[in-house]
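Student: I'd like to learn how to read a helix in a protein model. Could you walk me through one?

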Amino acid sequence: MRTAAVVALIAAGLAACIGAALGRAPGHAPPWPQQQEPRAIDKQHRLPLAPVRAEKGLGERALARVRDIVAFGPRHPGSPGAARQLAYIEQALRAAGLAVQRDTWTDPKEQIVFTNLSATIPGKRKDRVLLGCHHDTKRTEGHPDPAHNFPFEGANDGGSAVALLLELAPVLAKTPREATLELVFFDGEESLDWLWNEAARALFGSRRYVRRHRDARLLDPGKEPPIAALLLLDMVGRTDLHLQEELHSTPLLRTILWSAAVACGHEAHVFRRAEAASDDHKPFLDAGIPAVDLIDLNGNPHWHTPDDTLGNLSSRSLQITADLVLTMLPEVERAYVLRKD
Ligand SMILES: [Zn+2]
């Protein structure tokens, strides 16, 4: 993923300049569609959520899973490490009593084989809340610039969220909820180019997932229940955890995340800074599906460097993220599933 706030600011600045040049009177809508400038939420406005704590030891178990995952080696699409990790995810989901769907395809342009995995936890209603992450790691070999080739664990960027979702799976599967939950593990989030390049060669798994969902809904909406919301996890295990306010994310979901942080006493780890990031939630947002990205990108010194290692993660950060997700879920269901009735 990549930060996009600067681009947004430039775009907003440009729009302002054009507006001024045309002598647009204040208060009048411009003749072109308005680019919505991402804005931070009002942190004073929060919802009174009841904290839901993850059981003791969940963070430690998730960290042990990151250790397993890192041992597979690099996990970029099509790599041997990626294949080992896919088998590992499937096995863990099955152990939680869940059936796993494997969607494998070859991208015609890139000639790369990608695989998304997902598992459904049926709830009282068919509307789905997705909990997602990417399972691929940034490829750090074969780039023309030698500075982009180095040993890379991807313990946080890739490993942490996969591990945490696998530990949340049995917890969530134990008690059926209002909404049907779906755990989704996207492939090909990372840009094949070293630079993000407007995501032209990134977000393969999430773009495919959204396209298939849209096509299935067009064909038979009864068979393909709507996606009520997506909670995306990306880099959630760093010792000095800081989940930024990701500005593309749906404002109400950001308010729910912030409210969950306050309810759990975790606000020191959440929304110290606000910045937009392009990630697997974007294709969902573009399709009109509410989504929020729990991401530790802004100010993360280990991102896409050899320092993204197991040694720079902590079980407490994983435990904190688990608390946030579990505290958010009932309110997400209330706001996006029950309120529809
Ligand atoms: Zn990354």
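Student: Which residues are buried in α3?

Tutor: Keep in mind that this is a predicted model. A residue counts as buried if 20 or more other C-beta atoms lie within 10 Å of its own. In α3, that holds for Ala82, Gln85, Leu86, Ile89, Ala92 and Leu93. Viewed down the helix axis, these buried residues fall within an arc of 135°, so they line one face of α3.

Student: Which exposed residues are on the face turned away from the buried side of α3?

Tutor: That face carries Pro80, Ala87, Gln91 and Ala95.

Student: And what covers the buried residues of α3?

Tutor: The cover includes the helices α2 (58-70) and α4 (155-174), together with the strands β2 (100-107), β3 (112-121) and β5 (180-186).

Student: How many residues does α3 have, and what is its reach?

Tutor: Helix α3 spans residues 80-95, which makes 16 residues. From first C-alpha to last it reaches 23 Å, close to the 22 Å expected at 1.5 Å a residue. Just after the helix, Gly97 has a positive phi of about 85°.

Student: Which residues have the most contacts inside the largest nonpolar core?

Tutor: They are Leu164, Leu165, Ala169, Leu257 and Leu294, in a core of 82 residues. Helix α8 (residues 315-338) gives the largest share of this core, 11 residues.

Student: How much of the whole protein chain is buried?

Tutor: Of its 341 residues, 47% count as buried, and its secondary structure comes to eight helices and 10 strands.

Key
Residues are numbered from 1 along each chain as its sequence is written. This is a predicted model: local features need pLDDT of at least 70, side-chain atom pairs count only at pLDDT 80 or more; totals for chains, interfaces and linings use all residues. Helices (H or I, at least four residues) and strands (E, at least two) are DSSP runs, numbered from the N terminus. The expected span of a helix is 1.5 Å times one less than its number of residues. A residue is buried if 20 or more other C-beta atoms lie within 10 Å of its own, exposed if 12 or fewer, and partly exposed in between; C-beta atoms are placed from the backbone. The arc is that of the directions from the helix axis to the C-beta atoms. Two residues are in contact if their C-beta atoms, placed from the backbone, lie within 7 Å. A nonpolar core is a set of buried Ala, Val, Leu, Ile, Met, Phe, Trp, Tyr and Cys residues joined through C-beta atoms within 7 Å.
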